[in-house]
Amino acid sequence: MVENFVLKELCRYPLGTFAEIIYRNARFHPDNEAFVMGSRRVTFADFNTRVNRLIHGLKAVGCQKGDVIAILSWNCIEYMEVWGAAMKAGFILAHLSPRLSEKELAALVKYAEAKVIFCGTELAEMAGNMVQCIQGLEHQYVFGPMGTDASYQHLLSGHSGDEIDVDLTAEDPVTIFFTSGTTGLPKGAVYSHRQKLENAMTKALGLGVQVNDRNLIALPMFHIGGDSHIWPFFIVGACNVIMEEIVFTPPSMLKTLEDEKITDVQIVATQLVALLGTPNIDRYNLSRLNRIWYAASPMPTEVLKRGMKMFGPIFMQGYGMSESGPNTTMLSKEAHNSSGDPSGPSVLTSCGRPCSGVQMRVVDLNGEDVPAGEIGELIVHSSHIMSGYWKQPDDTKKIIKDGWLYTGDLGFYDENAYIYIADRKKDMIITGGENVYPKEVEEILYQHPAIYETAVIGIPDPYWVERVHAMVVLNEGVQVSKKEIIDFCRARMSSFKAPKSLEFLYELPKSPQGKVLKRELRKMALKAEEQQA
């Protein structure tokens, strides 16, 4: 009689790790689609086998538990396989943005002390240059067809898909996500297996994910926001569909939503604006779409209302950052569709309440709690905030104090514990001694029918010290004067908050995550001021 210890076999990998989830899915949902990209459809069993082959291949070239492996790629199935290898073998995956320059990337690779780099074919030359000049970076593997020894497929082909043996614990580090680096070199936020898994479970619980759901991955995997919306679906055995196009186009997304019968998608505010401007949007069958999650940047209330009118009562959102997990708050579908207290701020302007397992406070400059309605700094405590910054203990101590993560974001809360983001500390404008929060001004600007996109910054002024300056993109074919827009704002808010100057642009500079890059806008505005002077 052949012994078949199924339950014992399911205990192969430690609880609190994605290794256990990857293997469990391969046993419980072997034929279910794990990842889809175009014509490629990878089941959970296939994914587990390919991850094992990759691990055996990396071990054969000398990679060991605790080694950092870097990835420089746009979204693809291979990206998920490399992620899976880190999760099962104890490697630490460092995510690199293809938007960065070679010099910036080289600095991050050195900082992370990566031993291996994986890359897409279009990024192979840049990655190859780093292998040649960075000490300790020993191997490069390129996604694409089998060819040279540097081919990713060549690495997989010669190795077994058998399960691996590794001394793995839930507290071992598993990944490094780099911050945006608005000042100096980006820092690496480190997460353990347990932290990463608890973050996914928190979001899966809040979303109410089911095994038959299908999530569309449209944001970059190398960003923690895009990454965090993948794993809640993976852990329950649901499918993740990866957009093929690098550059977002509304028709392509709408067609994928229809063809793949997508139930969930994560977008940013700029993408919703573009979707709402798509001609003949009604011809797409989006009847399966159940949740539209928006995050990464503030959503103008007027845009959100238009989105709810177009797509229905299916919107949700959350707040977080590279250091917070990221999942910190959640604004449910029900909250989106409730009127709330008419005497207070609209709940639609809130980022929600703290997620299950998350505690939040609003504090003053001395770290003392402020009452409801008063603006202060948001601080977060949970079991899935980052372990710390990679090899930067002093910087870690500055942001995590007594277990509380100081976000640098200003906001307030109401009597029902809904949290409202005012702005980043560094983005607050002090004009004539008065505090102005750019988001408040942007909300008014978005009410103007001629405005497609806008961002508000503070720029130096000889009289006001700083003045409120608006950067505006108009709807196509529309003409309006600067004075008309400024007068529109002055009629709807205190005069000191309204823009004192305004500039028309063809587009706003954005990060790969769709965030408006206000540092670039400041450079543009200052350059324009110098030219005028």
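Q: Before we look at holes in this thing, what counts as a cavity or a pocket?
A: On a 1 Å grid over the protein atoms alone, a cavity is a set of points where a 1.4 Å probe fits but cannot get out, while a pocket is an open set with protein on both sides within 12 Å along at least five of seven lines, and lining residues have an atom within 4 Å of a point. This is a predicted model, in which local features need pLDDT of at least 70 and side-chain atom pairs count only at pLDDT 80 or more, although totals for chains, interfaces and linings use all residues. Residues are numbered from 1 along each chain as its sequence is written, and side-chain values use heavy atoms, with hydrogens and water left out.

Q: OK, how many cavities of 30 Å³ or more turn up?
A: The search of the whole structure finds two.

Q: What lines the largest cavity?
A: Its lining is made of L254, L257, V265, I267, L272, L275, L289, I292 and F311, with two or more residues coming from each of α11 (250-259), β11 (264-267) and α12. Helices (H or I, at least four residues) and strands (E, at least two) are DSSP runs numbered from the N terminus. By class, this lining has nine nonpolar, no polar and no charged residues; Ala, Val, Leu, Ile, Met, Phe, Trp, Tyr, Cys and Pro count as nonpolar, Asp, Glu, Lys and Arg as charged, and the others, Gly among them, as polar.

Q: And what lines the second largest cavity?
A: That one is lined by N215, L216, I217, A218, L219, G226, H229 and Q266, and strand β9 (residues 214-217) supplies the largest share, three residues. Its lining has four nonpolar, four polar and no charged residues.

Q: Next, Q195: buried or exposed?
A: Q195, which sits in helix α8 (residues 193-207), counts as buried because its relative accessibility is 7%; buried means under 20% relative accessible area, exposed over 50%, and partly exposed in between, using a 1.4 Å probe and protein chains only. Leaving aside neighbours within four places in sequence, Q195 is in contact (heavy atoms within 4.5 Å) with V190, S383, H384, I385, M386 and S387.

Q: How far apart are the ends of α8?
A: The end C-alpha atoms of α8 are 21 Å apart, which agrees with the 21 Å that its 15 residues should span at 1.5 Å a residue; the expected span is 1.5 Å times one less than the number of residues. Just after α8, G208 takes a positive phi of about 75 degrees.

Q: How many salt bridges are there?
A: There are 27 in the whole structure, each being a side-chain nitrogen of Lys or Arg within 4 Å of a carboxyl oxygen of Asp or Glu. One of them pairs R50 with E81, the closest N and O atoms being 2.5 Å apart. R50 lies in helix α3 (residues 44-60) and E81 in helix α4 (residues 77-89), so the pair ties together parts that are 31 residues apart in sequence. Both R50 and E81 are buried.

Q: What about E453, which partner does it have?
A: E453 pairs with K510, with the closest N and O atoms 3.2 Å apart. Since E453 lies in strand β24 (residues 451-461) and K510 in the loop between β26 (501-504) and α18 (518-532), the pair ties together parts that are 57 residues apart in sequence. E453 is buried, at 5% relative accessible area, whereas K510, at 31%, counts as partly exposed.

Q: Last topic, backbone: where is the cis peptide bond?
A: It joins G325 and P326, with omega about 10 degrees, and P326 is in the loop between β13 (315-319) and β14 (329-331). Most residues other than glycine have a negative phi, and most peptide bonds are trans. N280 has a positive phi near 55 degrees and, at 59% relative accessibility, counts as exposed. D402 also has a positive phi near 55 degrees, and it counts as exposed at 79%.

Technical notes:
Points joined across faces, edges and corners; volume = space filled by probe spheres on them.
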